[in-house]
Amino acid sequence: MPMATKPDVQPDTQDSRRTSRAAIRDSIIRSAPKLHPVIKYPHPTLLKPGEPVTEFTPELAQFVDEMFDSMYAAEGIGLAAPQVDVSRQITVIDISYHERPEDKLVLINPVVIDRRGKQFEEEGCLSLPEIREKVHRDAWVKVRAQNIQGEFFEVEGTDLLARAMLHEIDHLHGILFIDRLSRLKRDLVLRRIRKMQRNGEW
Ligand SMILES: [Zn+2]
């Protein structure tokens with residue numbers, strides 16, 4: 001329909017338009033992701049256990065959204081709250097990295113309640129950039145956790161999902177994947193990190 005045939009704009013319509021413009025502006029402000037920078041080893045927050053979450057507030061839900069945004073921005077498939085310097089038992093995982101919305105997983109106060117089998121695959125960590133090593137993990141795990149409403153649920157995972165959950169749950173206890181390497185391998189990695197630190201590359 002041509003513009004000229006549109007009826008005159010009534011005052012209340014103007015108001016509602018103004019309101020909707022304000023709403024759009026507000027929603028843009030709200031939807032602009034707040035990104036939390038990922039801290040690197042050996043930041044002390046990474047090396048201590050996170051506190052359990054006891055209050056399931058809108059602020060928690062907001063923080064979880066920000067963790068997903070921060071994880072995607074850092075190109076990770078998992079992120080634990082201690083990695084953004086928040087010492088809480090919260091982790092987000094998406095092994096499909098945006099591909100499958102149903103893969104988005106939030107684990108609050110997670111506990112591994114069953115485990116089976118073995119796998120030995122390469123891992124990396126946003127807090128240990130450029131370090132990749134093979135780590136021994138369970139091949140299948142069952143995890144009990146709470147969601148952002150505080151409701152308990154169980155989730156099972158094999159292979160990559162099992163690795164991701166175990167890696168992130170370790171973070172909530174101050175454990176990094178390099179702590180699961182042989183002593184020799186771990187020493188080599190730490191030497192490499194110290195060299196990068198000296199060269200200003202860390
Ligand atoms: Zn990690």
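Author: Start with β6 and β7, which run antiparallel and are joined by 7 bridges. Within this pair, Val143 stands opposite Val155 of β7. The model is a predicted one, so confidence comes up again below.

On to the next pairing of β6. β3 and β6 also pair in the antiparallel sense, over 6 bridges. Here Asp114 has Lys142 in β6 as its bridge partner. β3 pairs with β2 too, antiparallel, over 4 bridges. In that pairing Thr91 stands opposite Leu107 of β3.

Put together, the strands form an open sheet of 5, in the order β1-β2-β3-β6-β7, with antiparallel pairing. β1 and β7 (152–158) stand at the edges; each has a single partner strand, so one side of each is left without a neighbour in the sheet. Direction ignored, neighbouring strands are turned by 40° against each other on average.

Now the helix on the sheet. α2 packs there and touches β1, β2 and β3. The direction of α2 makes about 50° with that of β2.

Next, the nonpolar core. The largest one has 26 residues. Met67, Val92, Ile93, Leu107 and Met165 have the most contacts inside it. Several elements each supply at least two of its residues: α2 (58–73), β1 (78–80), β2 (90–93), β3 (105–116), β6 (140–146) and α3 (159–171). The largest share, 6 residues, comes from α3. Nonpolar side chains tend to be buried together in soluble globular proteins.

Take Ile93 as a close-up. Leaving out residues up to four places away in sequence, Ile93 touches Ile77, Gly78, Leu105, Ala164, Met165 and Glu168. Of these, Met165 is also among the residues with the most contacts inside the core, as is Ile93 itself.

Last, confidence. The mean pLDDT of the chain is 90, and 84% of its residues reach 70 or more. Residues 1–14 have pLDDT below 50. Beyond near neighbours in sequence, that stretch has 1 contact in the model.

Definitions and conventions
Residues are numbered from 1 along each chain as its sequence is written. This is a predicted model: local features need pLDDT of at least 70, side-chain atom pairs count only at pLDDT 80 or more; totals for chains, interfaces and linings use all residues. A nonpolar core is a set of buried Ala, Val, Leu, Ile, Met, Phe, Trp, Tyr and Cys residues joined through C-beta atoms within 7 Å. A residue is buried if 20 or more other C-beta atoms lie within 10 Å of its own, exposed if 12 or fewer, and partly exposed in between; C-beta atoms are placed from the backbone. Two residues are in contact if their C-beta atoms, placed from the backbone, lie within 7 Å. Two strands pair if DSSP finds at least two bridges between them. pLDDT is the predictor's confidence in each residue, from 0 to 100. Axes are lines fitted to C-alpha atoms, for helices over the stretch in contact, and angles run from 0 to 180 degrees between N-to-C directions.
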